[in-house]
Amino acid sequence: MISAVEKIVIVGGGIVGTNLADELVKRGWPNITVIEQGPLHMPGGSTSHAPGLVFATNPSKSMSLYAKYTIEKFLELEEDGQNCFNQVGGLEIATTPERLEDIKRRHGYAQSWGIEATLISPEECLKMYPALNKDKVLGGLHTPKDGLALAARAVQLLINRTTKAGVEYLGNTKVTGFTQEKGRVTGVVTTDGETSTTIPADIVISCAGFWGVEIGAMVGLTVPLVPLAHQYVKTASVPGLAGRNAAPNGASLPILRHQDQDLYYREHGDKIGIGYYGHRPMPADVASLSPATKNVNEHDMPSRLEFTREDFDPAWKESKDLMPFLQDVEIEDGFNGIFSFTPDGGALVGQHPRLDGFWVAEAVWVTHSAGIARAVAEVLTDGRSKIDLSCCDMNRFEEVQLTSTYVAETSQQNFVEVYDILHPMQPRDSPRQLRCSPFYPRQKELGAYFLEGGAWERPYWFESNAHLVKDLPAEWQPVERDAWSARYHSKIAAAEAYKTRTGVAMFDMTPLRRLEISGPGAVHMLQRLCTGDVGKKPGAVTYTLLLEDQGGVKSDITVARVEEELFQVGCNGPVDTVYFQQEARRQMRSDPSSWVHVKDITGGTCCIGLWGPLAREVITAVSPDDYSNKGKLKYFRLQKVTIGSCPVLAMRLSYVGELGWELYTSAEYGLSLWDTLWKAGQQHSIIAAGRVAFNSLRLEKGFRSWGTDMTTEHDPYEAGLGFAVKPAKKDYVGQVALEGRADEKPSRRLCCITIDDGKSIVLGREPVFHDGKVVGYVTSAAYGYTVGKPIAYAYLPSSVVEGDAVELEYFSKKIKATVRPEPLYDPKMTRLRDVKAEVDVLVAARV
């Protein structure tokens, strides 16, 4: 959070930089300089040639809401009675049965995120867009609030508005470096071609687009994006459009997506603009681009490369088939325009992990420009964005995902897949086998089916367990799934869940990020950041939360106190690592004697989750230590033990709701630890189990997954995590914001839902209806093998209570469901704590 007197410098005067300046001015921060290497009237970056299509609907709630705000802002941004958004609506057409199903799914997203959308028939598509070939169109998705952003005009109006408020703009000025002092940026070094000047700065935000890679390199920051050329053409005048629109860029037909052939369309007066993603990826060498000059114009700019007609030929042939009125029309103009692509397709927003005050907002397209600019302004001025920014956090990537080869390959693959129908579980085919746990060879021997996450190979089920399915009790037999939910799934997961509940299973927990936090200031820092009391004596393990200042859930973590000044922290990824490292630096600057060292130990260690009612029988056969309820290893306690010949840190925790331990050792002992437990477990029919069973078991127990079930948009009480907040604790981040909330009824809460028919599967992000109205959306979902029903979690208004009937919409089909008390399995925690239950827990879960 910054103060109004601080000096802000924004690098880049395109659609993102000017929007950011405007959003900061709105919040009372006018002390801003915007530096642009090109002329202000046309900077020459992606904004200058962007066709301006804004389709708001996205699988990501955050990205959809950023687009929604961009539309709203551009509609109100006007001068001389003309705004910066032509709300012609959007039309996505399906020409294949697969795409027809996909637009039903996209319609579900739109309903979940509050975007107006309607599924329409082929006849309605033709009425809306008469030029279409009636023999090709099977149906469409109409979004009436979408349309065309007039990006270049918006930039000029934003410059005018913010200049009046005191913002200074420097055109034709190149950034050549930055000054730093004591780990903080202090200035921006520039040149106008003749004179070098250093502009003082307390905060720098790089909004340089595809030039952001070079800007980042000046401060030792890897900005993982690849500039790729994307083809766009304008036809000559189309007779069927004569006199319909104002020249040169007027439009009245909806913007059109023909995603089955990687194409989109818009009008330019009486001409048609055509964009194409179906060609080969064409990475651009930024260093070889001609510099922006004072003479930049629509046809001569650094981001506009020579058109390669041969790459566009398939698109032109398809376009003539889709819109027969193009048959006798020629292409008048074409170019290969540069845009930014990233390894996961998301934007890059956030602060430099090692240089305070240096921020980036890169790989942001016009569609989301105003929304993301507002989010950055909110973070800088208020400490948080109202719309969760985690999907854009530039620190979300693992170290291996920042290598140049990884960035190049995956960013180009994202270009290829822009319009592809992608399953939410679909892994990338390459690169793979980058991060493998020490257990990987044994998992392959057992027929593991691997998916990828964070560059880790993660087993989702094991073919070696296939024979167990036929012997499952009738009530545990898996249900038949529809084709979509059956992808990346196996019936074997039912057997793995059953064996975990009734016997014993080994889960590979190695990909869970582990930090070693040590030093004389470790306790103080963790107490200051966590909602729970992590200052207990060594041997204690605490599940706790990290909050933002306003009380939103930043992360959920497990803090294990190994020694007086040594903690092992299980967290959610690289963003958490950066947060702890930044806080450690700040604390050390404030009090050098209270230093803290934060080290990522994930790659050098490994972990097995040994869980199930027979877990104690297995571990005591190969370890001399005491694992009884009377020993030191009670629930949520840790102890250094020996298993076979392996030194192990054992924590009595379970994310699946059964007795057991998380067993940590260094990577060198990993294979030996696996083999030792595997051999000891043979007499108890031990199995290896995968992520599909794991997800089912954790939802039955009501355990949350950060980033899916809760984000910075939710406080602990809404997320059902009030138990992780110690009521009497003071002076932790977010504590003031939470005061009084524990006694208030939240307006919404995360609820457990079960599907009434016991067989219809949902996957997540589906809209939830109550009394015929959309009231929420699904966060997590899985089939609950123990309870014998599909489970979903969703944020619902507090007026919707347990026992109420709701409906979930899956591919346009309404599925009846019921809000249930949670957790569905073992609410009294008897299995986890290994205490005698009054009832049979497995039977009770079915009831």
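The model is predicted, so local features need pLDDT of at least 70 and side-chain atom pairs count only at pLDDT 80 or more, while totals for chains, interfaces and linings use all residues. Residues are numbered from 1 along each chain as its sequence is written, and side-chain values use heavy atoms, with hydrogens and water left out.

**Aromatic rings**

- The structure holds 30 aromatic pairs; rings of Phe, Tyr and Trp (its six-membered ring) pair if their centres lie within 6.5 Å, and planes under 30 degrees apart count as stacked, over 60 as edge-to-face and the rest as tilted.
- F341 and W365 form an edge-to-face pair, because their ring planes stand at 85°, with the centres 5.3 Å apart.
- This pair links distant parts of the chain, 24 residues apart: F341 belongs to strand β21 (residues 331–341), and W365 to the loop between β23 (358–362) and α9 (369–382). Helices (H or I, at least four residues) and strands (E, at least two) are DSSP runs, numbered from the N terminus.
- F341 is buried at a relative accessible area of 6%, whereas W365 is partly exposed at 28%. Here buried means under 20% relative accessible area, exposed over 50%, and partly exposed in between (1.4 Å probe, protein chains only).
- Y579 and F580 make a tilted pair, since their planes lie at 50° and their ring centres are 6.1 Å apart. Y579 counts as buried at 10% relative accessibility, and F580 counts as buried at 0%.
- One aromatic cluster is formed by Y232, Y264, Y277, F335, F339, F341, W365, F415 and Y419.

**Charges over rings**

- The charged end of K554 sits over the ring of Y579, 4.6 Å from the ring centre. For a charge to sit over a ring, NZ of Lys or CZ of Arg must be within 6 Å of the ring centre and within 35 degrees of the ring normal.
- R748 lies over the face of Y795, with 5.7 Å to the ring centre.

**Cysteines**

- A disulfide is a covalent bond between the sulfur atoms of two cysteines. The rule used here asks for a pair of cysteine sulfur atoms within 2.5 Å, and the count comes to zero disulfides.
- C392 is buried, with a relative accessible area of 0%.
- C646 is in no disulfide either, as the nearest cysteine sulfur, in C606, is 8.6 Å away. C646 counts as buried at 1% relative accessibility.

**Asparagine 336**

- N336 is placed in strand β21 and is buried, with a relative accessible area of 2%.
- The side chains of N336 and T308 are joined by a polar contact of 3.2 Å. A polar contact is a pair of N or O atoms within 3.5 Å; within protein, one must be able to donate a hydrogen and the other to accept it, and residues adjacent in sequence count only if both atoms are side-chain atoms.
- Leaving aside residues up to four places away in sequence, N336 touches residues including A229, H230, M282, R304 and F307, where contact means heavy atoms within 4.5 Å.

**Helix α4**

- The 17 residues of α4 (residues 97–113) should span 24 Å at 1.5 Å a residue, which agrees with the 25 Å between its end C-alpha atoms. The expected span is 1.5 Å times one less than the number of residues.
- Twelve of the 17 residues are buried, so α4 is largely enclosed by the rest of the structure. Among them are R99, D102, Y109 and W113.
- Just after α4, G114 takes a positive phi of about 80°.
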